[in-house]
Amino acid sequence: MSSACEQPGMSSIEQAVEALTGLLARPAANLQLPLLQAHGRLLAEDIHARHDVPLWDNSAMDGYALNSADLPPEGGRLPLAGCQAAGDAAIELPPGHCMQIFTGAVVPVGADTVIPQENCRRETDGVVFAPVRPGQNIRRQGEETRVGQPLLGSGTRLRAQEIGLLASQGYAAVKVSRALRVGIISSGNELCDPGSALGPGQIYDSNRYLLASVLQGWGFEVHQYPHLRDNLDDTVQLLRRASGEQDLLISSGGVSVGEADYLKQAVQQLGQLNLWRVAIQPGKPLAFGTIGQTPWIGLPGNPAASLVTALIIARPALLATQSQTPAAPAILPALADFEWQKTSVRTRYLQARLQVGNGQMQAQLHPQQSSAMLANCCWADGLVVIPAQQPVQPGDPVGFIPYHALLQP
Ligand SMILES: Nc1nc2c(c(=O)[nH]1)N[C@H]1C(S)=C(S)[C@@H](COP(=O)(O)OP(=O)(O)OC[C@H]3O[C@@H](n4cnc5c(N)ncnc54)[C@H](O)[C@@H]3O)O[C@H]1N2
Ligand code: MOO
């Protein structure tokens, strides 16, 4: 990322992230959600074990349970006495016998060892064992977790494994943080939604779908608003309504210098414009401010500029409303498999792929880097970061941020 920005009128990326983070408030309320709806949410309570895990000593194998004291050290034959199946209460092992047992079944009373069926020889009414190690293949009560033990802390993001762990402790519902409600607004007379026929001069609105996917991927609740026509009255009206309904508004388009770009003007009329223009390419015209109590982020209209600014500037600020420690995506070291001479006062994010060459990670660029394109972003699996004013020669070290890291919370 850029250091202090020397371009008059532009903030550095760090300044923009810091100012935006200060503008966004955490949603106050928590909510109780059924476990199946809690995936991806942040836990809003501390979770303790309700019982030991395992609940009782149980078998790790399909085989035969026995009391090791019943066998001589060289092994031997034990008569077979019934079967202990998973889901049944513990039955008693008669002294001097063995009992068939299945994985997960409670260990019969009196048994201390389980031998897998492939490691012994079954006869009609008995089993012949090699020497055994007492205690083999038994999962002990409480060896994973003891009742009352802290399991998950408030603030933990519930991934698949946390959901599974909560279910294993009998939690049918959990308290989670309410996700920010984000209103999405696409601005421009030229926009038409997929599913409708394009009129003359129209294009399909891709940013609405792109941004909704990004925000949903981070766990936010997304609400759509109608396309904003390029005039001040409509813009003021829609922003006033939407700001009363959402925790945050994110628009795309209408923030550069064009005479049909009314968003900043409308925000100034309704509230306050806090920042405009960031030393980032693509994405320079990014703006944000507040309408009443509701923050607004104006992403640039070019689709790749919308995507990159959402991932690099909005992401850390938005995730800070959800968690105390938003994970900054790791910048992976790579070697440039390209030359870049178009230096700029802005930090440049380039659509790139990583590949292994000569045993090292090499970053390759898409031949087209226009911010008006999306096919290049689909080709890419991440972004190469070129600091301001820094040309790159083939073989130079560069930083690479994988898309998967940016698209996850
Ligand atoms: N004279 C100048 N012109 C422009 C400058 C500048 O500094 N001086 N900056 C350029 C840069 S950089 C960008 S990025 C764009 C951003 O402009 P806006 O945010 O005002 O966006 P629009 O003008 O509304 O649209 C730009 C471009 O993107 C297309 N677009 C807009 N919304 C969508 C959408 N929802 N789905 C798909 N495509 C969309 C729109 O049709 C335009 O082609 O400004 C440059 N101009
Ligand atoms: O910043 Mo614009 O986003 O260069 O296309």
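Visitor: Which atom of Arg346 lies 3.5 Å from an oxygen atom of ligand 2, a polar side-chain atom or a backbone one?
Guide: Before I answer, keep in mind that this is a predicted model. To read such a contact, look for a pair of N or O atoms within 3.5 Å. Here a polar side-chain atom of Arg346 is 3.5 Å from an oxygen atom of ligand 2.

Visitor: How many residues surround ligand 1, and which are the closest?
Guide: Ligand 1 has 23 residues around it, and the closest are Glu190, Asp205, Val255, Ser256 and Gly301. From Asp205, a polar side-chain atom lies 2.8 Å from a nitrogen atom of the ligand. Ser256 places a backbone N or O atom 2.9 Å from an oxygen atom of ligand 1.

Visitor: What does Asn302 do at ligand 1?
Guide: A backbone N or O atom of Asn302 lies 3.3 Å from an oxygen atom of ligand 1.

Visitor: Let us turn to helices. How do I read the way H1 and H6 cross?
Guide: Start with the angle between their axes: under 35 degrees counts as roughly parallel. The axes of H1, residues 13-23, and H6, residues 303-320, cross at roughly 30° and come within 9 Å. H1 and H6 are therefore roughly parallel to each other.

Visitor: Which residues meet where H1 and H6 touch?
Guide: On the H1 side they are Ile13, Ala16, Val17, Leu20 and Thr21, and these meet Ile312, Ile313, Ala314, Pro316, Ala317 and Ala320 of H6. By class, this contact has ten nonpolar residues, one polar and no charged ones.

Visitor: At what angle do H3 and H6 cross?
Guide: The axes of H3, residues 207-217, and H6 cross at roughly 25° and come within 11 Å. H3 and H6 are therefore roughly parallel to each other, and their crossing is right-handed. The contact brings Asn207, Leu210, Leu211, Val214 and Leu215 of H3 against Pro303, Ser306, Leu307, Ala310, Leu311 and Leu318 of H6. Its classes are nine nonpolar, two polar and no charged residues.

Visitor: What about H4 and H5: how do their axes cross?
Guide: Use the angle once more. The axes of H4, residues 232-245, and H5, residues 263-270, cross at roughly 55° and come within 9 Å. That makes H4 oblique to H5. As for handedness, H4 passes H5 in a right-handed crossing.

Visitor: Which residues make up that contact?
Guide: Leu232, Thr235, Val236, Leu239 and Arg240 in H4 face Leu263, Gln265, Ala266, Val267, Gln269 and Leu270 in H5. They divide into seven nonpolar, three polar and one charged.

Visitor: Now the backbone. Where should I look for a cis peptide bond?
Guide: Look at the omega angle of each bond. The bond from Val53 to Pro54 is cis, with omega near -10°. Pro54 sits in the loop between strand S2 (47-48) and strand S3 (58-59). Another cis bond joins Gln281 and Pro282, where omega is about 0°. Pro282 belongs to the loop between strand S19 (280-281) and strand S20 (287-291), and Pro282 is also among the residues around ligand 2.

Visitor: Is the phi of Asn137 positive or negative?
Guide: Positive, about 60°, although Asn137 is not a glycine. You will find Asn137 in the loop between strand S9 (126-129) and strand S10 (138-139).

Note on methods: Residues are numbered from 1 along each chain as its sequence is written. Chains are lettered from A and ligands numbered from 1 in the order in which they are written. This is a predicted model: local features need pLDDT of at least 70, side-chain atom pairs count only at pLDDT 80 or more; totals for chains, interfaces and linings use all residues. Side-chain values use heavy atoms; hydrogens and water are left out. Axes are lines fitted to C-alpha atoms, for helices over the stretch in contact, and angles run from 0 to 180 degrees between N-to-C directions. Helices (H or I, at least four residues) and strands (E, at least two) are DSSP runs, numbered from the N terminus. Angles under 35 degrees count as roughly parallel, over 145 as roughly antiparallel, 65 to 115 as roughly perpendicular and the rest as oblique. A crossing is left-handed if the near helix is turned anticlockwise from the far one by less than a right angle, and right-handed if clockwise. Contact means heavy atoms within 4.5 Å. Ala, Val, Leu, Ile, Met, Phe, Trp, Tyr, Cys and Pro count as nonpolar, Asp, Glu, Lys and Arg as charged, and the others, Gly among them, as polar. A residue is near a molecule or strand if one of its heavy atoms lies within 4 Å of it. A polar contact is a pair of N or O atoms within 3.5 Å; within protein, one must be able to donate a hydrogen and the other to accept it, and residues adjacent in sequence count only if both atoms are side-chain atoms.
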